[in-house]
Structures are given as structure tokens and as C-alpha cells.
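Welcome! Please keep the sequence and the model in view as you read.

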Amino acid sequence: MKRFHVHVHVEDLARNIDFYSKMFGTQPARVEADYAKWMLDDPAVNFAISTRGHGHTGLDHLGIQVDNDADLAAMKGRAQAADLSLIDEGATTCCYARSDKHWVVDPQGLPWEHFQTLGSIPVFREAEPAAGAASVAPTVAAAGAAAATDASACCTPRVSGKPIGIPVKSVGSSCC
């Protein structure tokens, strides 16, 4: 099964949990001090909110969550075959979960996360690899610069320290 993913940054988590719980007709599947996630079946969507936008609210990124590594590999293969700007994080942690993921960026600069959740973790994100260890720093062809991931802001790829995505004022900036 594939599930559409939407991540939105909010200012007041409790107020937004109340709003979205009423809108969806159900409570979140997971709630943390800075994060909440609904795993809806109708429509099939992983809808997440967090207060990790560093003052920016609104849409952070979209994505597609898959249940198996074959679906994730197929999505990655399509992105590579189409010569899309692919940012491969591989095995990583973010949003209280361990996952395998890669990103593509649409023509407007909106990041799309393709991922498989492998398990739950008790923290938002585990520490970044030590200096010298493998890290996410691929070239983003469309931007012509190196991408990196900001551990405090989570998982949205960044170019020159800025999130790859819709302009911050009009939408948002960064996580799962």
C-alpha cells in the first residue's frame, strides 16, 4: 500500500491537534511534545504536524510512504531513469521513526519525500554521523549546489543551508 504524506509546520500544537482531530474524526496515532501524526485509511494519508518550523508555518513537504522496499526501489528507479534531482538519504531517523528514504524536488522547488518507515524511535531524530562518516551531501543538479540535512529542522534537504522548497514566507520549511 502506498500512502500520501503531508507535513505542515504549526505554531500551537495543541490547538492544531484539536482542529485536525475534529476535521479527520479521529485522534492522532502519535503525539509528542513537538509533533503529531495521523495515519488515515480513508483517504490513505500520513498527515503530520510539528512545531519545528523555526517560526515558519505552513506546508513543509509532500511525500509518498510505502510498505516495502520493492516499492521504494521502484520509485527511486523511476526518479533516476527520468533524471530527476534525487537526494538519497538511505537509512536515517526523523520524526520519531527509523526509515529508508530519498527525495526529489519538483520544478517549483517543493520537496517530495519517498520513504519506508522501518520502526519507531523515542526521539525526534538521532544524532548525525560523526565527522568523516558517510553523510547526506549529494549534488542537486537543478540547484547546482550541495545538499545537506539540518538535524534540528529534520529531514527536508537543504541547499546552502536553506530548505529546498516553496519560499519560506508563502509556505514552510523542513521535516517528516
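Ala91 stands opposite Asp100 in strand S7. That pair belongs to the contact between strand S6 (residues 86–94) and S7, which run antiparallel and are joined by 8 bridges. Strands count as paired if DSSP finds at least two bridges between them. This is a predicted model, in which local features need pLDDT of at least 70 and side-chain atom pairs count only at pLDDT 80 or more, while totals for chains, interfaces and linings use all residues. Residues are numbered from 1 along each chain as its sequence is written, and side-chain values use heavy atoms, with hydrogens and water left out.

| Hairpin | Residues between the strands | Turn residue and its positive phi |
|---|---|---|
| S6 and S7 | 2 residues | Cys95, about 55° |
| S7 and S8 | 5 residues | Gly109, about 95° |

Is strand S7 (residues 97–105) mostly covered or mostly open? It is mostly covered, with 7 of its 9 residues buried. Buried means under 20% relative accessible area, exposed over 50%, and partly exposed in between (1.4 Å probe, protein chains only).

Now let us look at the nonpolar cores. A nonpolar core is a set of buried Ala, Val, Leu, Ile, Met, Phe, Trp, Tyr and Cys residues joined through side-chain atoms within 4.5 Å. The largest one has 14 residues, and those with the most contacts inside it include Val6, Ile17, Trp38 and Ile49. Two or more residues each come from strand S1 (2–9), helix H1 (13–24), strand S3 (35–41) and strand S4 (44–50). Apart from this core lies another, of 6 residues, among them Tyr35, Cys94, Cys95 and Tyr96.

Leaving aside neighbours within four places in sequence, Ile49 is in contact (heavy atoms within 4.5 Å) with residues including Val8, Leu13, Ile17, Tyr35 and Trp38.

Finally, the whole protein. Its secondary structure comes to 2 helices and 12 strands; helices (H or I, at least four residues) and strands (E, at least two) are DSSP runs, numbered from the N terminus. Of the 176 residues, 46% count as buried. Among contacts with a separation of 6 or more, 59% link residues 24 or more positions apart.
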